[in-house]
Amino acid sequence: MAKHRINVTVNGTAHAAEVESRLLLVHFIRENLRLTGTHIGCDTSHCGACTVHLDGEPVKSCTVLAVQADGCKLRTVEGLEQAGKLHPVQEGFTEKHGLQCGYCTPGMMMTSVALLERNKSPTEQEIREAISGNLCRCTGYVNIVKAVQYAAEKLR
Amino acid sequence: MIPAPFDYHRPGTLDEAVALLARYGDGAKVLSGGMSLLPILKLRLGAVAHLVDIGRIPGLEYIKEEGGMLKIGGGTRQAALERSELIAAKYPILRDAVVLIADPLVRNRATVGGNLANGDPGNDLPATMITLGATLVVRGPKGERTIPVSQFYKGIYSTALAPDEILAEVRVPIPPPRSGGAYLKLKRKVGDFAVAAAAVQVTLDAKGGIERAGIALTNAGATPIEAADAAKYLAGKALDDKVVAEASRLAAAKSSPSADRRGSVEYKQEMARVLVGRALRKAVARAGGR
């Protein structure tokens, strides 16, 4: 079975590893790096619970091979908090009650962070479109939208 | 879910990729964005001995007009197509279609070439490219050849692409003045394939009548369906309710969808009819007509 040496930078820390061709990025993140904030939901690229940033773009890490991320920069939910201070998006989800069970939250926040890095003042419609690949079965999305709006204001 | 074991190759050039495909034959498969292939491998609906990853080959991601053609690199991410000002301004039918594919996160990985080469009749770009009269440039061991999109699809997941060929570029003739197009898709939710979808591209004559039309349907049979009868009927006609009704009827008559959880055959054909009519009106309006 083919093994490949990969180098990735995750939340600013360089990692080298030997991985099987078929190892999925989400498994690499959770099991090799023990960063379990990234969740596995549907496992079929529908739900977005596994969303991480791959070279700055939010992607579904259940549908990327670890070896495809070789040489790339990754950011996971663990990388949002800086020096003990929550990212404004994390603060928004707390303040606006943007979660209930919390399972979709890491992915939802990673998509929201990427949106706000591209668009400082998204409309409600733009927020809803941006998170349309992230499923939440609890909230009905109303408070998630409010959380992103809170973060947008905070970041401006 | 974990795919069955395979070997992974990351060639640095398209020619190296073609050489790997030639060496491994049927055991090899091209990996581009992976948004269709990886789920198939994970669900073990398919297996492959060698994955040839073309996703990092430089020079495959571009959108430009050159020599009377819109040229899109096969490796262009769908998100790039979605964000392209050129596409939004001059090729609204492509912008219509791309934002209806899967969801924004998938489009960050998924490629234009993948959507066209995969051969899934549910994919949205093939019908739009047929109506635009696009041609595919494919690279194989003997060099390049071109295939009109209208002749590319042979059956479900079956195309004119040989196992050792890679889709390198899509070429769309720049539409003449007074042209416009639209793509409309009915789907149950974000991420779903079409219940029915229609692509219409028209060019108007100086009086506002239809000079040329292209019509194609998504998920209405084993391949994208080109509604040539309806297009032929439209040529030379001024658009009115009767003309829209007849063109829609002719186009929907070409569809042969299967009944599934998205609906019955009758429902899907009726939705195709309605969508062709709406897309036709929108295309004509965008072309500067009424």
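**Domain contacts and the sheet of chain A**

In chain A, 15 residues of domain 1 touch 11 residues of domain 2, where contact means that the C-beta atoms of two residues, placed from the backbone, lie within 7 Å. The side of domain 1 of chain A that touches domain 2 of chain A has two elements giving two or more residues, β3 and β4 of chain A. The model is predicted: local features need pLDDT of at least 70 and side-chain atom pairs count only at pLDDT 80 or more, while totals for chains, interfaces and linings use all residues. Residues are numbered from 1 along each chain as its sequence is written, and chains are lettered from A and ligands numbered from 1 in the order in which they are written.

**Domains of chain A**

- Chain A is split into domain 1 (3-77) and domain 2 (88-155); such bounds come from an automatic or database domain assignment.
- The centres of these two domains of chain A, taken over C-alpha atoms, are 22 Å apart.
- On the side of domain 1 of chain A that touches domain 2 of chain A, β3(A) gives the largest share, 3 residues.
- That side of domain 1 of chain A consists of 6 nonpolar, 8 polar and 1 charged residues. Ala, Val, Leu, Ile, Met, Phe, Trp, Tyr, Cys and Pro count as nonpolar, Asp, Glu, Lys and Arg as charged, and the others, Gly among them, as polar.

**Sheet of chain A**

- An open sheet of 5 strands in chain A has the order β2-β1-β5-β3-β4, with mixed pairing. Strands (E, at least two residues) and helices (H or I, at least four residues) are DSSP runs numbered from the N terminus, and two strands pair if DSSP finds at least two bridges between them.
- β2 (13-20) and β4 (57-60) of chain A are the edge strands, each with a single partner, so one side of each has no neighbour in the sheet.
- Strand β3 (residues 51-54) of chain A runs antiparallel to β4(A) and is joined to β4(A) by 4 bridges.
- Within this pair, A:V52 is opposite A:V59 of β4(A).
- Helix α3 (residues 105-118) of chain A lies across β3 and β4 of chain A, at about 35° to β3(A). Axes are lines fitted to C-alpha atoms, for helices over the stretch in contact, and angles run from 0 to 180 degrees between N-to-C directions.

**Domains of chain B**

- Chain B has domain 1 (7-52), domain 2 (63-173) and domain 3 (179-286).
- Between domain 1 and domain 2 of chain B, the C-alpha centres are 19 Å apart.
- Here 13 residues of domain 1 of chain B are in contact with 18 residues of domain 2 of chain B.
- Helix α1 (residues 14-24) of chain B supplies the largest share of the side of domain 1 of chain B that touches domain 2 of chain B, 5 residues.
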